Amino acid sequence: DIDFKIVGKNLRRIMAEKNFTFPQMSRITNVPLNSLRGYMYCTSYPTSKQIQKMAKGLRIEVAELFRE
């Protein structure tokens, strides 16, 4: 099973490291703002396509989103 809490935690960490606001993060990843918030706070879960979009926009490997 995928632990999406780790994905949310890593998204929040990356956002903080890069000093991105939610709107900036949404623009960079091309993921709707409400979806992005849901992923970060585990109220919704990204599809594999959304995970790939986020990694591409952030210029990171997909594995970085799953790193504990």
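Q: Why are α2 and α4 called roughly perpendicular to each other?
A: In this predicted model, helix α2 (residues 22–29) and helix α4 (residues 48–58) pack at an angle of about 100 degrees, with their axes 7 Å apart. Angles under 35 degrees count as roughly parallel, over 145 as roughly antiparallel, 65 to 115 as roughly perpendicular and the rest as oblique, and α2 and α4 are therefore roughly perpendicular. The axes are lines fitted to C-alpha atoms, for helices over the stretch in contact, and the angles run from 0 to 180 degrees between N-to-C directions. Helices (H or I, at least four residues) are DSSP runs, numbered from the N terminus.

Q: Which residues make the contact of α2 with α4, and how do they divide into nonpolar, polar and charged?
A: Met25, Ile28 and Thr29 of α2 meet Lys53, Met54, Gly57 and Leu58 of α4, where contact means heavy atoms within 4.5 Å. These residues divide into four nonpolar, two polar and one charged, given that Ala, Val, Leu, Ile, Met, Phe, Trp, Tyr, Cys and Pro count as nonpolar, Asp, Glu, Lys and Arg as charged, and the others, Gly among them, as polar.

Q: What makes α2 and α3 roughly perpendicular as well?
A: The angle between α2 and helix α3 (residues 33–40) is about 105 degrees, and their axes are 9 Å apart, so α2 and α3 too are described as roughly perpendicular to each other. The contact joins Phe22, Pro23, Met25, Ser26 and Thr29 in α2 to Leu33, Leu36, Arg37 and Met40 in α3, and its residues comprise six nonpolar, two polar and one charged.

Q: How do you know whether Gln50 is buried or exposed?
A: Buried means under 20% relative accessible area, exposed over 50%, partly exposed in between (1.4 Å probe, protein chains only). Gln50 has a relative accessible area of 12% and is therefore buried. Gln50 lies in helix α4 and, not counting residues up to four places away in sequence, touches Val31, Pro32 and Tyr39.

Q: Why are the buried residues of α4 said to line one face of the helix?
A: Gln50, Ile51, Met54, Ala55 and Leu58 are buried in α4. Seen down the axis of α4, they fall within an arc of 135 degrees, so they line one face of the helix; the arc is that of the directions from the helix axis to the C-beta atoms. The face turned away from this buried side carries the exposed residues Ser48, Lys49, Gln52 and Lys56, while what covers the buried residues includes α1, α2, α3 and α5.

Q: What makes a set of residues a nonpolar core, and which elements give two or more residues to the largest one?
A: A nonpolar core is a set of buried Ala, Val, Leu, Ile, Met, Phe, Trp, Tyr and Cys residues joined through side-chain atoms within 4.5 Å. The largest has 16 residues, and those with the most contacts inside it are Leu11, Met25, Leu36, Met40, Met54 and Leu65. The elements giving two or more residues are α1 (4–17), α2, α3 and α4, with α1 giving the most, five residues.

Q: How are the residues numbered, and which of them count for local features?
A: Residues are numbered from 1 along each chain as its sequence is written, and side-chain values use heavy atoms, with hydrogens and water left out. Local features need pLDDT of at least 70 and side-chain atom pairs count only at pLDDT 80 or more, whereas totals for chains, interfaces and linings use all residues.
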